[in-house]
Amino acid sequence: MLIEKYIYLAIALFCIGIVGVLARRNAIIIFMCIELMLNAVNLLLVAFSKMHHAAAVAKGATAGIEGQLFVFFIMVVAAAEVSVGLAIIVMMYRNTHSVDVNFLNRLKH
Amino acid sequence: MDISQVLFYALSAMALGSAIMVVISRNPVHSVLWLIITFFAISGHYILMNAQFLGIVNLIVYAGAIMVLFLFVIMLMNLNAETEPQKNKWLKLAGVVAGGCLLLVLVAALKQAEVKGKVAMLETGDIGLIRNLGKALFTDFVVPFEISSILFLSAMVGAVVIGKK
């Protein structure tokens, strides 16, 4: 499969995530759109790792394996990020009884 | 057009359609369910590229653990379509236009890129198998792997401290 198709797919998924972050006010939906962007990047990293493997398989049998390990570490960091982020959203809900991000401008008062 | 190309287009359409539904559905629970479908499609892409370990880990960690956490939080807060905060129409339109402009710029930049004719291998290549990934993970990447355990510990402590107040 041509690499351009994977790049276009990942760009489209990433931009859908950006639109979600910009156009929605619910903090949880914004958080889910960030996860969507992370997954678009993961998909592109795996596709590039397979592309590099196809090009450099003569130099080493495991060429390109680093890309897939980076995806693994991105998943690890994303799991930690979600646990802390959801805890922050729950705390915000307890204080304001809303998940509307517009309420977060109270931070400046 | 062989079977792997058909699968590629079907999974891409599934991922894009359900990603759009994540953004436009009113009810947050429906958004979570659509996002789970997106993750299934992306896992399908991984398995199509013979990255079996990442496909399964994506299903277990994202669709299994993280999304269940989101569902728990949404149901705990009793959010639904009626209590959903809405931005005004012009701000939404501005968001969509800004995202569309980014899409346009990225695609236009890619037109000049020298990636033409490069191919990502489908169904072949064994770098995605657990045996090879595990060997690389526990030799070359053993220090980041151990550091990530400290990251998890601190994330767990942080979540408990924030949630306890």
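Domain bounds here come from an automatic or database domain assignment. On that basis, chain B splits into domain 1 (3-82 + 91-127) and domain 2 (129-165), and the C-alpha centres of these two domains of chain B lie 24 Å apart. Keep in mind that this is a predicted model.

**Inside chain B**

How do the two domains of chain B touch? The contact involves 4 residues of domain 1 and 4 residues of domain 2. Together they bury about 480 Å², with carbon and sulfur atoms giving 65% of that area. By class, the touching side of domain 1 has 2 nonpolar, 1 polar and 1 charged residues.

**Between the chains**

Now for the interface of chain B and chain A. Here 81 residues of chain B are in contact with 71 residues of chain A. The two chains bury about 7100 Å² between them, 78% of it on carbon and sulfur atoms.

Which helices of chain B supply at least two residues each to the side touching chain A? They are helix 1 (3-24), helix 2 (28-48), helix 3 (52-77), helix 4 (89-111), helix 5 (130-137) and helix 6 (142-164). Helix 3 of chain B gives the largest share, with 12 residues. Sorted by class, the side of chain B that touches chain A has 54 nonpolar, 18 polar and 9 charged residues.

| Interface | Feature | Count |
|---|---|---|
| Chain B and chain A | salt bridges | 0 salt bridges |
| Chain B and chain A | polar contact | 7 residue pairs |
| Domain 1 and domain 2 of chain B | salt bridges | 0 salt bridges |
| Domain 1 and domain 2 of chain B | polar contact | 3 residue pairs |

**Some spots in chain A**

Side chains of opposite charge can pair when their charged atoms come close. How many salt bridges does a search of the whole structure find over all chains? The search finds 1. The side chains of A:D100 and A:R25 meet in it, at 2.3 Å, N to O. A:D100 lies in the segment after helix 3 of chain A and A:R25 in the loop between helix 1 (3-23) and helix 2, so the pair ties together parts that are 75 residues apart in sequence. A:D100 is buried, with a relative accessible area of 4%, and A:R25 counts as buried too, at 15%.

A:N42 sits in helix 2 (residues 27-56) of chain A. Is A:N42 buried or exposed? It counts as buried, because its relative accessibility is 0%. Leaving aside neighbours within four places in sequence, A:N42 is in contact with A:V71, A:I74 and A:M75, and also with B:Y46 and B:Y62 of chain B.

A:V77 belongs to helix 3 (residues 65-96) of chain A. A:V77 is partly exposed, with a relative accessible area of 45%. Its C-alpha atom is separated by 19 Å from that of A:I29, 48 residues away along the chain.

Notes:
Residues are numbered from 1 along each chain as its sequence is written. Chains are lettered from A and ligands numbered from 1 in the order in which they are written. This is a predicted model: local features need pLDDT of at least 70, side-chain atom pairs count only at pLDDT 80 or more; totals for chains, interfaces and linings use all residues. Side-chain values use heavy atoms; hydrogens and water are left out. Helices (H or I, at least four residues) and strands (E, at least two) are DSSP runs, numbered from the N terminus. Buried means under 20% relative accessible area, exposed over 50%, partly exposed in between (1.4 Å probe, protein chains only). Contact means heavy atoms within 4.5 Å. Buried area is the accessible area (1.4 Å probe) that two parts lose on being put together, summed over both. A salt bridge is a side-chain nitrogen of Lys or Arg within 4 Å of a carboxyl oxygen of Asp or Glu. A polar contact is a pair of N or O atoms within 3.5 Å; within protein, one must be able to donate a hydrogen and the other to accept it, and residues adjacent in sequence count only if both atoms are side-chain atoms. Ala, Val, Leu, Ile, Met, Phe, Trp, Tyr, Cys and Pro count as nonpolar, Asp, Glu, Lys and Arg as charged, and the others, Gly among them, as polar.
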